[in-house]
Amino acid sequence: IDMENMDDTSGSSFEDMGEMHQRMKEEEEEEADGEAGAGDEEDGEFLGMKGLRGQLGRQVADQMWQVGKRQASRAFSLYANIDILRPYFDVEPVQVRARLLESMIPVKMINFPQKIAGELYGPLMLVFTLVAILLHGMKTSDTIIREGTLMGTAIGTCFGYWLGVSSFMYFLAYLCNAQITMVQMLSLLGYGLFGHCITLFVTYNIHFHSLFYIFWLVVGGLSTLRMVAVLVSRTVGHTQRLILCGTLAALHMLFLLYLHFAYHKVVEGILDTLEGPNMPPFQRVARDIPVVSNAVLNTTAKAIALTL
Amino acid sequence: FPGLADVSISQDIPVEGEITVPVGSHSPDEDYSTLDEPVKDTIMRDLKAVGKKFVHVMYPRKSSALLRDWDLWGPLVLCVSLALMLQGGSADSKDDGGPQFAEVFVIIWFGAVVITLNSKLLGGTISFFQSLCVLGYCVMPLTVAMLVCRLVLLAGTGTVSFVIRLIVVGAMFGWSTLASTAFLADSQPPNRKALVVYPIFLFYFVISWMILTFTPQ
């Protein structure tokens with residue numbers, strides 16, 4: 001055993017194994033038969049490394065490379081595969097329509113666990129629709145605020161609500177021992193946004209405070225009742241039911257209030273600054289009055305600060 | 001056969017000859033022979049392909065040319081021109097009232113990616129870039145609408161101008177949605193077409209809304 005030329009330097013490192021394998025692979029592709037995949041002795045001579053210790057180290061690094069490569073490719077094909085999400089999008093239009101209508105109808109039977117469809121197409125589309133409605137509402141209220149922040153705020157608000165409140169409710173459900181999975185929670189809350197979409201769509205076009213309150217109570221209340229009933233049917237114990245349902249109801253209804261008023265304040269701010277009566281939306285073209293824009297920005301900031 | 005027992009070639013006799021592969025006039029892969037053509041030919045070929053796709057968008061027919069040879073030149077040009085035209089006021093005003101270039105760009109491409117993922121998840125047979133290509137090319141009617149809106153806004157900003165802009169943008173929005181639906185919905189199973197069309201409708205609705213509410217400062 002020749003220990004004189006102990007080569008512990010980079011000849012047997014991880015990266016060099018990768019290079020060696022790459023070279024070997026290329027040589028294999030060039031030649032038809034596996035001459036390049038020769039035994040260890042030829043490898044040693046080929047790469048010019050001598051010494052038992054160098055060879056051992058090389059073999060260990062070689063094995064590590066193989067294992068690491070296999071694990072990485074397995075992990076990649078597992079997680080970067082879009083097909084994981086495919087079962088959650090397997091719906092028919094009829095089913096989506098049925099679920100949309102069902103989301104407004106509270107169930108009566110709360111002693112038996114209600115079935116929740118773990119589907120993500122409907123909720124995702126509802127979130128995007130809510131974003132579009134918010135943009136429409138913000139646009140009809142004024143054209144002075146920068147559109148970039150409009151778009152970013154709308155998307156951030158809606159997705160943040162959907163994902164954040166779902167995660168929070170899932171965590172609470174885990175604490176309160178409720179039988180619900182994350183996808184089901186996402187789905188339930190997503191379909192609950194249908195009521196929000198309807199309310200905002202109507203009240204952004206017809207600006208009456210009392211109309212909004214009626215819609216808030218009726219439409220928002222119905223969709224909240226539905227979600228609450230489904231959750232109650234899946235939870236055991238009075239305290240747990242109370243905690244879960246109280247939190248969900250509060251968050252859901254307050255979100256609708258926030259969406260209406262945070263952006264409504266902007267309308268009121270402009271209307272108060274300019275003149276009294278309601279102007280038709282398409283005549284509210286951009287006015288380059290710095291005072292108005294400042295008032296608008298201040299009001300929005302105040303509204304956001306108040307609700308947070 | 002003793003004469004054939006030893007057929008080794010000795011070292012000092014060079015082996016020479018010619019190895020030629022006859023290149024047929026109808027060879028399928030012309031890629032290897034396009035290195036020698038003049039640059040003008042290459043550019044003109046690509047330009048013609050892009051122009052043909054624009055014509056396909058103008059008159060949406062069920063043809064596979066748009067899908068087969070996808071390219072992203074057209075969408076890039078359209079997206080950049082739309083974002084430039086939607087650029088609000090001057091750069092030195094704080095609230096210029098219009099979307100910034102980056103926002104329009106991000107919205108268009110992010111929206112197209114989301115729609116593509118959605119149609120793939122719903123079981124579509126179209127590939128990722130083909131779908132991006134179709135969605136990008138179908139932004140063309142909306143770009144034309146933006147041009148018309150800017151010209152109309154030069155004339156004035158009143159109720160009449162708003163009504164004209166509304167009609168134009170509405171018509172172009174319908175055209176965009178129909179054109180992209182004609183190409184994309186075919187790749188879906190027949191009973192799920194509505195599920196794919198709806199996000200496309202939302203996407204072009206958002207772009208149309210940005211165009212309609214654009215007012216120059």
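Q: What percentage of the 217 residues of chain B count as buried?
A: The model is a predicted one. A residue counts as buried when its relative accessible area is under 20%. Among the 217 residues of chain B, the share that counts as buried is 42%.

Q: How many helices and strands are there in chain B?
A: From the N terminus on, the elements of chain B run α-α-α-α-α-α-α-α. The count for chain B is therefore 0 strands and, as helices need at least four residues in a DSSP run, the number of helices is 8.

Q: Which residues of helix α5 of chain B are buried?
A: Helix α5 of chain B spans residues 128-137 and is mostly covered. Of its 10 residues, 8 are buried. They are Q130(B), S131(B), L132(B), C133(B), V134(B), L135(B), G136(B) and Y137(B).

Q: What share of the accessible surface of chain A belongs to carbon and sulfur atoms?
A: Chain A has 308 residues, and buried residues make up 42% of them. The accessible surface of chain A comes to about 16,800 Å². Of this area, the share belonging to carbon and sulfur atoms is 63%.

Q: Where in chain A is the pLDDT below 50, with 15 contacts in the model beyond near neighbours in sequence?
A: The mean pLDDT of chain A is 76, and 66% of its residues reach 70 or more. The stretch with 15 contacts beyond near neighbours and a pLDDT below 50 is residues 275-285 of chain A. Where pLDDT is low, the predicted coordinates should not be read in detail. That caution concerns a stretch of chain A with pLDDT below 50, residues 275-285.

Q: Which residues have the most contacts inside the largest nonpolar core?
A: The largest nonpolar core has 112 residues. Its largest share, 13 residues, comes from helix α5 (residues 121-141) of chain A. The residues with the most contacts inside the core are L244(A) and Y204(B).

Q: Is T224(A) buried or exposed?
A: T224(A) lies in helix α8 (residues 209-233) of chain A. Not counting residues up to four places away in sequence, T224(A) touches A249(A), H252(A) and M253(A). Its relative accessible area is 6%, so T224(A) is buried.

Q: Is Y174(A) buried or exposed?
A: Y174(A) is found in helix α6 (residues 147-175) of chain A. Together with F168(A), F171(A) and L175(A), Y174(A) forms a nonpolar patch on the surface, with about 470 Å² of accessible area together. The relative accessibility of Y174(A) is 62%, so this residue counts as exposed.

Q: What distance separates the C-alpha atoms of L254(A) and G220(A)?
A: L254(A) lies in helix α9 (residues 238-273) of chain A, and at 52% relative accessibility L254(A) counts as exposed. L254(A) and G220(A) are 34 residues apart along the chain. Their C-alpha atoms are separated by 9.9 Å.

Q: Why does the salt bridge of D90(A) with R192(B) join two chains?
A: The closest N and O atoms of D90(A) and R192(B) are 2.6 Å apart. D90(A) lies in the loop between α3 and α4 of chain A, and R192(B) lies in the loop between α7 and α8 of chain B, so the pair joins two chains. D90(A) is partly exposed, with a relative accessible area of 49%, whereas R192(B) is buried, at 10%.

Q: Which residues are joined into one network by salt bridges that share partners?
A: The side chains of R192(B) and E92(A) meet in a salt bridge, at 3.1 Å from N to O. E92(A) is partly exposed, with a relative accessible area of 25%. In chain B, a salt bridge also links E37(B) and R45(B), at 3.3 Å from N to O. The network formed through shared partners consists of D90(A), E92(A) and R192(B).

Technical notes: Residues are numbered from 1 along each chain as its sequence is written. Chains are lettered from A and ligands numbered from 1 in the order in which they are written. This is a predicted model: local features need pLDDT of at least 70, side-chain atom pairs count only at pLDDT 80 or more; totals for chains, interfaces and linings use all residues. Side-chain values use heavy atoms; hydrogens and water are left out. pLDDT is the predictor's confidence in each residue, from 0 to 100. Contact means heavy atoms within 4.5 Å. A nonpolar core is a set of buried Ala, Val, Leu, Ile, Met, Phe, Trp, Tyr and Cys residues joined through side-chain atoms within 4.5 Å. Buried means under 20% relative accessible area, exposed over 50%, partly exposed in between (1.4 Å probe, protein chains only). Patches are made of residues with over 30% relative accessible area and no salt bridge: like charges are joined within 9 Å, nonpolar side chains (Val, Leu, Ile, Met, Phe, Trp, Tyr) within 5 Å. Accessible areas come from the Shrake-Rupley method with a 1.4 Å probe; for residues, only the protein chains shown count as cover. A salt bridge is a side-chain nitrogen of Lys or Arg within 4 Å of a carboxyl oxygen of Asp or Glu.
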